Amino acid sequence: FHYSLELNESYSGLRYDAVISGIPLDKLPTHKDRLPEILKTVPGKLFIKWHPMRSISLMGLRSHIEKAKLLGIAPDLIIIDYADLLKYTGTSDKEENILKSLYEDLKGFAGELQTPVWTVSQANREGLDSDVLEANKISAAYSKIFPADFVASLSRKRQDKISNTARIHIIKNRFGADG
């Protein structure tokens, strides 16, 4: 399941189609006939659901997943794009406490569902000029890192964009090596 709190279902779906097919996003309309055949080769199903920013909480996502399970559809993976934009239902008004709580709740949510949950965050301004994005370059609250089992950074400087490359750094890994 892919829950987007930014991009609508159609645009998110087009991005998946482009990545899976290898067809650039802007060229998809000219390859409509090839796309269904390519997508048939990919096992599983993808469900994309959009919600406006801060309009749904983890409780709302849990409710959606429980309804899907009643219909015989259980997720193998839950992607939340992105958790910082979930609705907060606690009492704190400090951003760091809010995000810390959201990410702790997210870890519990994944554990209860026995399903991996992936989310993304952004780098802070210092991260813009960094060759390697470390944990201290995460936006808004360093405490988002604490409950996570695995954290990786992905960055692209100007030269990376030109050469179609990226930089990946394993920030945290409870199950193996990091760095």
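Predicted model: local features only at pLDDT ≥ 70, side-chain atom pairs only at ≥ 80, totals over all residues.
Q: Why are H3 and H4 called roughly parallel to each other?
A: Helix H3 (residues 58–70) and helix H4 (residues 95–113) pack at an angle of about 15°, with their axes 11 Å apart. Angles under 35 degrees count as roughly parallel, so H3 and H4 are given that description. As for handedness, H3 passes H4 in a right-handed crossing.

Q: Which residues in H3 meet which residues in H4?
A: On the H3 side you will find Leu-58, Leu-61, Arg-62, Ile-65, Glu-66 and Lys-69, and they meet Leu-102, Asp-105, Leu-106, Phe-109, Glu-112 and Leu-113 in H4. Sorted by class, this contact has seven nonpolar, no polar and five charged residues.

Q: What makes Ser-155 count as buried or exposed?
A: The relative accessible area of Ser-155 is 11%. Buried means under 20%, so Ser-155 is buried. Ser-155 lies in strand S5 (residues 150–155). Leaving aside neighbours within four places in sequence, Ser-155 is in contact with Asp-131, Leu-133, Asp-160, Ala-166 and Arg-167.

Q: How do you know that Lys-144 and Asp-84 meet in a salt bridge?
A: Their side chains come to 2.7 Å, N to O, and the cut-off for a salt bridge is within 4 Å. The pair links distant parts of the chain, 60 residues apart: Lys-144 is in the loop between strand S4 (117–119) and S5, and Asp-84 is in the loop between strand S3 (78–81) and H4. Both Lys-144 and Asp-84 are buried.

Q: Why do Asp-149 and Lys-107 count as partly exposed?
A: Buried means under 20% and exposed over 50%, with partly exposed in between. Asp-149 has 26% relative accessibility, so Asp-149 counts as partly exposed. Lys-107, at 33%, therefore counts as partly exposed too. Asp-149 forms a salt bridge with Lys-107, their closest N and O atoms being 2.7 Å apart. This pair also links distant parts of the chain, with Asp-149 in the loop between S4 and S5 and Lys-107 in helix H4, 42 residues apart.

Q: How many salt bridges does a search of the whole structure find?
A: The search finds ten salt bridges.

Conventions: Residues numbered from 1 in each chain as written. Heavy atoms only, no water. Axes fitted to C-alpha atoms, helices over the stretch in contact; angles between N-to-C directions. Helix = DSSP H or I, 4+ residues; strand = E, 2+ residues; numbered from the N terminus. Parallel < 35°, antiparallel > 145°, perpendicular 65-115°, else oblique. Left-handed = near helix turned anticlockwise from the far one by under 90°. Contact = heavy atoms within 4.5 Å. Nonpolar A, V, L, I, M, F, W, Y, C, P; charged D, E, K, R; others polar. Buried < 20%, exposed > 50% of the residue type's maximum accessible area, 1.4 Å probe, protein only.
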